[in-house]
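Work through the exercises below with the sequence and the model open. Each task is followed by its solution.

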Amino acid sequence: MKAMYNVIKGPCLTEKSNILQETQGTVALKVDRRANKIEIKEAVESLFNVKVANVATANMRGKKKRVGLKSVGKTNDWKKAYVTLSEGEINFLEEL
């Protein structure tokens, strides 16, 4: 888990994340399931050159999917991180 490019998978673009981004300066990211808050904070600070104030994580369950009549499967479980930027920091997702 030392490689920072392996910690952050990509942005989580939803209506809730857009509202949090505009009101609180919080960004939602999809991260590796084994990453902890310290690794996520270091990865965001080094990759995007911003100062992180707080990191909150949530483990998301995969949804059940059905293919045909009998076969039932499930999408992969994943982890979401809510990263709050310090005051005065610009939002880096607009640059992506």
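The model is predicted: local features need pLDDT of at least 70, side-chain atom pairs count only at pLDDT 80 or more, and totals for chains, interfaces and linings use all residues. Residues are numbered from 1 along each chain as its sequence is written, and side-chain values use heavy atoms, with hydrogens and water left out.

**Exercise 1.** State how many helices and strands the protein has, and their order.

Solution. Elements are DSSP runs, with helices (H or I) of at least four residues and strands (E) of at least two, numbered from the N terminus. The protein has 3 helices and 6 strands. Their order from the N terminus is α-β-α-β-α-β-β-β-β.

**Exercise 2.** Describe the largest nonpolar core.

Solution. Start with burial: buried means under 20% relative accessible area with a 1.4 Å probe, protein chains only. Buried residues are 32% of the 96 in the protein. Next, a nonpolar core joins buried Ala, Val, Leu, Ile, Met, Phe, Trp, Tyr and Cys residues through side-chain atoms within 4.5 Å. The largest has 15 residues, and those with the most contacts inside it include Val-7, Ile-8, Leu-29 and Val-83. At least two core residues come from each of strand E2 (26–31), helix H3 (37–48), strand E3 (52–60) and strand E6 (78–85).

**Exercise 3.** What does the side chain of Lys-79 reach?

Solution. Lys-79 lies in strand E6. Lys-79 is buried without a salt bridge (side-chain nitrogen of Lys or Arg within 4 Å of a carboxyl oxygen of Asp or Glu). The nearest side chain of opposite charge, Asp-32, is 7.7 Å away. The Lys-79 side chain reaches the backbone oxygen of Ala-35 at 2.7 Å.

Technical notes. Buried means under 20% relative accessible area, exposed over 50%, partly exposed in between (1.4 Å probe, protein chains only). Lys and Arg count as positive and Asp and Glu as negative; His and the chain ends are not counted. A polar contact is a pair of N or O atoms within 3.5 Å; within protein, one must be able to donate a hydrogen and the other to accept it, and residues adjacent in sequence count only if both atoms are side-chain atoms.
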